[in-house]
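Entries follow in the order I checked them.

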Amino acid sequence: MSKKSTTLFDKVWDAHVVREIEDGPDILFIDRHFIHEVTSPVAFLGLKNRGLKVMFPEKTFATADHNTPTINQHLPVQDPLSAKQLEALENNTAKYGISHWGLGNPRNGIVHVIGPENGITLPGMTIVCGDSHTSTHGAFGAIAFGIGTSEVEMVLSSQCIMQPKPKKMRINVNGKLGWGITPKDVALYIISKLTTAGATGYFVEYAGEVFRDMSMEGRMTVCNMSIEMGARGGMVAPDETTFSYIKGREKAPTGQAWDDALAYWKTLKSDEDAVFDMEYHFDAADIEPMITYGTNPGMGIGISQSIPTAEEAGGGKASFEKALNYMGFNESEPMLGKKVDYVFIGSCTNGRIEDFRAFASVVKGRKKADHITAWIVPGSHVVEKQIREEGIYDILTEAGFQLRQPGCSACLAMNDDKIPAGKYAVSTSNRNFEGRQGPGSRTLLASPLVAAAAAVTGVVTDPRELLAQQELVEA
Amino acid sequence: MAYDKFTLLKSTAVPLPIENVDTDQIIPARFLKATERKGFGDNLFRDWRYDGDGNPKADFVLNDPTYSGKILVAGKNFGSGSSREHAAWAIYDYGFRCVVSSFFADIFKNNSLNVGILPVQVSPEFLDKLFQAIIANPGTELEVSLPDQLIRIVDTNESESFEINSYKKHNLMNGFDDIDYLQAMKEDIFAFAEKSRY
């Protein structure tokens, strides 16, 4: 029998199946498990109640990020409930011998930023975390997906998880991205085409020139947003960009182990004739800076376009009207020029160094608009250090911005970083659901460039206009 | 955590004909700060159910005494977004045992099954029929039979079958969970780990 052609996803999945249950899920071995303070306490409680141990504590890594403050991290956490969750994580990790980079640790940061940053995330791995944006790690050619707390308990106690094998989708974007078009725009564009349920039941592979040309930071942004179209995860085949990113990072293999790993990683790609259950093709030339106008990430348009009508948008009219009503927008209105109150740059979607470089490229030599409140939140202490070392900190300060400390922050507003009711925030995070950034908050998802343009002009602005002026000044 | 076994459920239902109900609506992030699993039902659909001062919003279905029951019937793509299992806990804790929709988000579906809620996926046509029947007569009873994998409108006897894999069906009917199963195969897992690359 000739060897069956397989996809990248099949190769990694099949290498981790401990057992297949007939008419049931596969039992999948998990190489890396990330935990944080919000979705782990009840799982540890479950272990305790059942009298179970953590099977492989060295395969689990903990960080505090979801509810942590982004100022004065050296002081005790004020919110008693958040403090209790942080204490529970501290105690649980100590009790079971799990590595914990808590608040104040120089390697602390958002779970999906620090995993790759420290070489914990590697190609060909299975990676889970009680957080839907675990899909981020797929940028390395890993199978990475978010799980619930019962599943966190499963992985702690057995290093395995039960999952029906998803179907496979490939999304190809070919051509060259235009000037001022970022990975976030690519992600928002794809989701606007597929809708928030368009990839439910699938695992996505991103392929084509655009992703090959993309940095690891960019691939992470795209894979991060996979869940926003319903996919369990997304992945990009590892290549030289991947290998050079990983090499030399703290927990990356070295010496002979590196050579062995590299030889294996180079086999991690879909066969030429591999078949996908669904395939999409997009042209990079069709993508412009994107912005959302509604209450799910699929409700996005090119920044120069007008809000569609319910008929143009498709889907249920009542749900569409509910969304526009919440946002205080009307059908057929342009997005450009809409007043903005808050700007948030950060999160596991756009909280990496490249994102702050992009933000700085627009605000350099300009001033923050007076009425704008801006929250500039690095994804980790390592990113914060880079911001300072590269001179981005000085650019931000001169423009009237303050740098905060790392954490999930206003992406889900579990800490004090809440957008007030009725206010508009241009946010580089991943979800514009009702109340996501605080009760009554109104979120416009966009790239770091669009966020920067809004921060200095105070309204929704095409960043390419500002970048063009910048080039004239610098020329 | 133990949950009630699920076999046959006969109940009136609560209609929520909204699409893309995400888990941030089911339970907002600011209510995820517990270290124990209790009391989540109080904050189910918090910001649709209560205003900023904590007063019930009269126009939200959970505040409408006309509707009650152990079955929630919701628009398509229910449970999208965050992986928070707290969403399923809140639904269970409020008293629902079954959610019916024409489409579910993956993680929510898994989480529901893990906590003892049966997600029943029906055709868009049958979902419309359910909404119409419930809204026309809030006393309309639905019968959900897990052994027969069938959902039925009791009055009219209209029914539709639904899918569930036999492993999960067996678990729900017996109150078993995946952790019991995995604990019973630890030797296999240790053997697998020996050969593991990472």
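I began with α2(A) and α5(A), which are oblique to each other because their axes cross at roughly 55 degrees. Angles under 35 degrees count as roughly parallel, over 145 as roughly antiparallel, 65 to 115 as roughly perpendicular and the rest as oblique. Helix α2 covers residues 41–50 of chain A, helix α5 covers residues 149–158 of chain A, and their axes come within 8 Å. I took axes as lines fitted to C-alpha atoms, for helices over the stretch in contact, with angles from 0 to 180 degrees between N-to-C directions. Helices are DSSP runs (H or I, at least four residues), numbered from the N terminus.

I noted that this is a predicted model: local features need pLDDT of at least 70, side-chain atom pairs count only at pLDDT 80 or more, and totals for chains, interfaces and linings use all residues. Residues are numbered from 1 along each chain as its sequence is written, chains are lettered from A and ligands numbered from 1 in the order written, and side-chain values use heavy atoms, with hydrogens and water left out.

The crossing of α2(A) and α5(A) is right-handed (near helix turned clockwise from the far one by less than a right angle). I listed contacts (heavy atoms within 4.5 Å). On α2(A) they include Phe44(A) and Leu47(A); on α5(A), Val152(A) and Leu156(A) are among them.

Next I checked α6(A), residues 183–194, against α8(A), residues 216–224: the angle is about 25 degrees and the axes are 8 Å apart. That makes α6(A) roughly parallel to α8(A). Their crossing is right-handed. Pro183(A), Lys184(A) and Ala187(A) meet Gly218(A), Thr221(A) and Val222(A).

How many cavities of 30 Å³ or more does the structure hold? I found six. A cavity is a set of points, on a 1 Å grid over the protein atoms alone, where a 1.4 Å probe fits but cannot get out. The largest cavity has a volume of about 210 Å³. Of its 24 lining residues (an atom within 4 Å of a point), His66(A), Asp131(A), His133(A), Leu412(A) and Arg436(A) are closest to its centre.

Conventions:
Helices (H or I, at least four residues) and strands (E, at least two) are DSSP runs, numbered from the N terminus. On a 1 Å grid over the protein atoms alone, a cavity is a set of points where a 1.4 Å probe fits but cannot get out, and a pocket is an open set with protein on both sides within 12 Å along at least five of seven lines; lining residues have an atom within 4 Å of a point. Grid points are joined across faces, edges and corners, and a volume is the space filled by probe spheres set on the points.
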